[in-house]
Amino acid sequence: MAADRSEQPLERMEDLVSLCVRRGYIFPSSEIYGGINGFWDYGPLGVELKNNLKSRWWQRVVRERDDVEGLDSSIISHPRTWEASGHVDHFSDPMVDCRACKRRFRADQLEDAGPCPSREGSAEHDFTEPRHFNLMLKTWIGASEDAAAVAYLRAETCQPIFTGFKRIREVARQKIPFGIAQIGKAFRNEINPRNFTFRSREFEQAELEYFCHPSEREKWFAHWLDERVRFHREIGIAERSLRTRPHEPDELAHYAKQAVDIEFRFPFGWQEIEGVHDRGDWDLSRHGEYAGKDLGVTDPETKEHFVPVVVETSVGIDRTCLALLCDAYAVESLEGGETRTVLRLHPALAPVSAAILPLSKKLAEPARALHRELQRRWNVFYDDAGNIGRRYRRQDEAGTPFCITYDFDSPQDDRVTVRERDSMTQERVALDAVSSYLRERVEDA
Ligand code: GAP
């Protein structure tokens with residue numbers, strides 16, 4: 001950033017929410033009916049950001065590794081899956097009801113409850129004793145709605161990895177250690193969805209379950225924690241906004257032997273965006289027991305038969321998108337008292353890689369030709385309406401790293417002006433070099 005400009009990072013979530021809704025990055029689902037609490041839709045810019053994040057994760061975790069296989073499982077599994085995993089018995093939050101206003105709160109988050117709207121003269125709620133509330137979303141399969149037809153929308157994407165472990169290992173001819181990865185939707189009936197998409201009822205996870213010999217669990221735990229922290233840095237999250245936090249023994253999930261959260265500093269405090277867990281042999285042993293199948297493996301050399309232990313990395317795609325947006329958001333004061341809002345997203349993750357902005361509608365034909373050429377490789381936006389300054393500002397706010405202006409000199413010198421979002425510097429680039437210019441700065445960045 002130039003010395004004569006000052007910059008204000010994001011302090012209030014409302015500012016980001018307002019930008020996201022206004023620009024259609026992310027907005028309430030079923031908005032015309034007043035929204036539905038805990039559910040969000042990603043508009044044209046949001047879906048591109050999300051897809052870019054998912055494909056980078058898939059590239060790093062699956063494609064670049066010979067020891068990781070991919071999976072896309074169904075969202076609904078056999079209900080026994082969730083009995084074996086412990087979710088039917090243990091996946092709950094303590095909640096209380098207010099007898100006066102009838103609202104429900106998480107018993108461990110009562111500081112957020114605010115005053116009771118139904119009790120005049122007293123601001124306090126009239127709470128019941130805490131009760132456990134299972135967070136799995138239920139549905140019924142087939143024509144009847146009796147207990148035998150109950151099924152659950154998956155509360156985490158990893159369980160089908162465990163139930164599919166034997167088949168995938170065999171078809172992929174993998175030996176221990178190896179991993180199975182999946183990206184997909186998960187559903188939790190959160191009592192108190194909040195902080196925009198941070199705690200939603202429907203969200204996406206990208207999970208890797210890495211199966212290894214018990215003697216190697218610490219080595220692989222350290223390896224994957226390292227890889228995952230590196231990933232968050234690589235996608236542009238600032239060093240100061242990222243930290244790791246090991247779980248205290250009393251915080252560990254019922255299955256976990258060791259866990260470290262990767263946390264991001266949101267405007268509402270440090271919060272988990274990813275968990276790295278040593279799940280032990282809990283999942284494979286339980287599914288083996290409930291399904292009556294041997295999910296153990298035999299070492300071909302030592303002939304030892306053992307149940308592999310699992311190192312899991314589980315990242316929320318929505319939470320990471322939110323972290324990226326929070327980290328990228330800045331309001332800059334420019335010379336002359338002007339301000340601009342900019343999303344400094346990593347060029348490879350930005351929803352739009354470049355905007356083509358002809359200076360006049362009369363230049364549409366060659367500008368459109370450039371647009372079509374670049375579109376074959378990148379998401380490129382075309383805009384020929386209005387003042388060029390205003391068009392730049394719209395792209396800054398969308399996070400577009402490069403604006404390419406086709407001007408009145410371009411037909412003569414076969415060059416365009418490329419303006420870089422963060423520095424706002426401009427350079428002339430030959431038309432036939434624009435592709436390699438973008439490849440270097442977007443793909444190889
Ligand atoms: N399989 C392990 C597991 O699901 P988790 O800590 O419950 O572990 C992993 O979830 C990640 O999923 C979290 O770090 C978070 O990024 C995301 N996540 C969990 N609950 C969420 C929610 N209600 N809304 C949005 N993201 C959520």
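Student: Let's start at Ser423. Which loop is Ser423 found in?
Tutor: Keep in mind that this is a predicted model. Strand 23 covers residues 415-420 and strand 24 covers residues 426-430. Ser423 belongs to the loop between strand 23 and strand 24.

Student: Is Ser423 buried, partly exposed or exposed?
Tutor: Buried takes under 20% relative accessible area and exposed takes over 50%, with partly exposed in between. Ser423 has 27% relative accessibility, so it counts as partly exposed.

Student: Which side chain joins that of Ser423 in a polar contact of 2.8 Å?
Tutor: There are two contacts to tell apart here. The side chain of Ser423 makes a polar contact of 2.7 Å with the side chain of Glu420. The contact of 2.8 Å joins Ser423 to the side chain of Thr425.

Student: What's phi near for Met424?
Tutor: Met424 lies in the loop between strand 23 and strand 24. Most residues other than glycine have a negative phi. Met424 isn't a glycine, yet its phi is positive, near 60°.

Student: And Lys102, what is its positive phi, about?
Tutor: Lys102 has its place in the loop between strand 5 (92-97) and strand 6 (104-106). Lys102 is not a glycine either, and its positive phi is about 70°.

Student: Is Lys102 buried or exposed?
Tutor: The cut-off for exposed is over 50% relative accessible area. Lys102 has 66%, so Lys102 is exposed.

Student: What is omega, about, for the cis peptide bond that joins Ile176 and Pro177?
Tutor: Pro177 is in the loop between helix 6 (165-172) and strand 10. Most peptide bonds are trans. The bond between Ile176 and Pro177 is cis, with omega at about 5°.

Student: On to strand 10. How far apart in space are Phe187 and Ile75, C-alpha to C-alpha?
Tutor: Phe187 lies in strand 10, which runs over residues 178-187. Phe187 is buried, because its relative accessible area of 8% is under 20%. In sequence, Phe187 and Ile75 are 112 residues apart, but C-alpha to C-alpha the separation in space is 9.4 Å.

Student: Which side chain does the side chain of Asn192 make a polar contact with?
Tutor: Asn192 is in the loop between strand 10 and strand 11. With a relative accessible area of 19%, Asn192 is buried. The 3.4 Å polar contact from its side chain goes to the side chain of Gln109.

Student: How far apart in space are Ala253 and Arg230, C-alpha to C-alpha?
Tutor: Ala253 lies in the loop between strand 12 (242-246) and strand 13 (258-266). At 31% relative accessibility, Ala253 counts as partly exposed. Ala253 and Arg230 are 23 residues apart in sequence, and their C-alpha atoms are separated in space by 25 Å.

Student: Now the ligand. How many residues surround the ligand?
Tutor: The closest are Glu156, Arg188, Glu207, Glu272 and Ile273. By class, the shell divides into 5 nonpolar, 6 polar and 10 charged residues. The number of residues that surround the ligand is 21.

Student: Which strand gives the most to the shell around the ligand?
Tutor: Strand 11 (202-212), strand 14 (269-280) and strand 17 (309-316) each supply at least two residues of that shell. The one that gives the most, with 5 residues, is strand 14.

Student: How far does a polar side-chain atom of Glu190 lie from a nitrogen atom of the ligand?
Tutor: For side chains with an N or O atom at 3.4 Å from a ligand nitrogen atom, look at Arg279 and Arg319. For the polar side-chain atom of Glu190, the distance to a nitrogen atom of the ligand is 2.9 Å.

Student: Zooming out, what percentage of the residues in the protein do buried residues make up?
Tutor: The secondary structure comes to 13 helices and 24 strands. Along the principal axes, the C-alpha atoms fill a box of roughly 75 × 75 × 50 Å. Of the 445 residues in the protein, the buried share is 50%.

Notes. Residues numbered from 1 in each chain as written. Predicted model: local features only at pLDDT ≥ 70, side-chain atom pairs only at ≥ 80, totals over all residues. Heavy atoms only, no water. Near = heavy atom within 4 Å. Polar contact = N/O pair within 3.5 Å; in protein donor to acceptor, adjacent residues only side chain to side chain. Helix = DSSP H or I, 4+ residues; strand = E, 2+ residues; numbered from the N terminus. Nonpolar A, V, L, I, M, F, W, Y, C, P; charged D, E, K, R; others polar. Buried < 20%, exposed > 50% of the residue type's maximum accessible area, 1.4 Å probe, protein only.
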